[in-house]
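Hi everyone, thanks for coming.

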Amino acid sequence: MAGAVFHVSTDLAGVVRTALAAEEAAATDGVVQRLHPTVRLLGIVALLVAAALSTDFAVLVGLAGLAAALAVVARLPPRPFLARTLAVAAFSGVVVLPQLVLAPGPTLVSVAGVAVTRPGLAYVALFETRVVASVALVTVLSMTTPFGTLVATLRSLGAPATPTTLFALTYRYLFLCFDELHRALLARESRQLRPRGLLDEWRELGALSGSFLLRTVERGERVERGMRARGGARPATPYRRPSPLGVRDALFAAVALGALGLVVLP
């Protein structure tokens, strides 16, 4: 029995540990972390726009290489960086793979009567390279910028208070929910004295899911009462440490704008 529930608990703990590892990477004294948060955010956004608009395979490969270089100079742990990037790329690959045979055009190779076309292969390669470049850039941003700094930067750029507050609360509640579920699963495991059948397992999981839902609602109500006691609907005011712009900020902005200009300008 130990099996399913214990593995679920272990996986959830792994998710939380991975997120915490990202926060630790953001505190590392790397080159990217020393960039001004506004320059870092806007520069990554410019590179993402360039990746979205580009139809040149060489440009997309260059953007993916730039993201990898940023990860290296930021001293990001390789395993979480590659896991996040390649996991999304693998999922998108499954979605786009049928284009290998569905796209019309000259046949490149035929396997068991299924013809892979040249346009299909070109489309899949371009799509996957764009996904890898985009996800790698987002991963660099998320692993080099503490969440509070990201929210404060969005607010300083004029983002509306309500969406940013909801964004921050959602992020915080994800951790609270995972922690609540993890503790409930551990408590259940500690009360189990003998192996049980599959039917009993499903019944207990149903009861556990209901209990978890009630705990989540109760915690939300407690937080709501606490917020009202501290000032009601007043939006949160995230703090960001002031930092002056420097030469490295100008260089990064020039690289990002240069990549965007290379794609947008004829």
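Okay, let's begin with charges. Searching the whole structure turns up one salt bridge. Keep in mind that this is a predicted model. Which side chains meet in that salt bridge? They belong to Asp29 and Arg34, with 2.9 Å from N to O. As a general point, side chains of opposite charge can pair when their charged atoms come close.

Now for the nonpolar side of things. The largest nonpolar core has 30 residues, and Leu63, Leu76, Phe81 and Val140 are the ones with the most contacts inside it. Which helices supply at least two residues each? Helix H2 (37–53), helix H3 (57–73), helix H6 (118–144) and helix H10 (247–264) each do that. Take Leu63 from that core: leaving aside residues up to four places away in sequence, Leu63 touches Leu47, Ala50, Ala51, Ala133 and Ala259.

Last stop, Thr144, which you'll find in helix H6. Thr144 counts as buried because its relative accessible area is 1%, and the cut-off for buried is under 20%. What does the side chain of Thr144 reach? The backbone oxygen of Val140, at 2.6 Å. And Val140, remember, is among the core residues with the most contacts. Again skipping residues up to four places away in sequence, Thr144 touches Ala26, Val32, Gln33, Arg40, Ala74 and Leu76.

How values were computed. Residues numbered from 1 in each chain as written. Predicted model: local features only at pLDDT ≥ 70, side-chain atom pairs only at ≥ 80, totals over all residues. Heavy atoms only, no water. Salt bridge = Lys/Arg side-chain N within 4 Å of Asp/Glu carboxyl O. Core = buried A, V, L, I, M, F, W, Y, C linked by side-chain atoms within 4.5 Å. Buried < 20%, exposed > 50% of the residue type's maximum accessible area, 1.4 Å probe, protein only. Helix = DSSP H or I, 4+ residues; strand = E, 2+ residues; numbered from the N terminus. Contact = heavy atoms within 4.5 Å. Polar contact = N/O pair within 3.5 Å; in protein donor to acceptor, adjacent residues only side chain to side chain.
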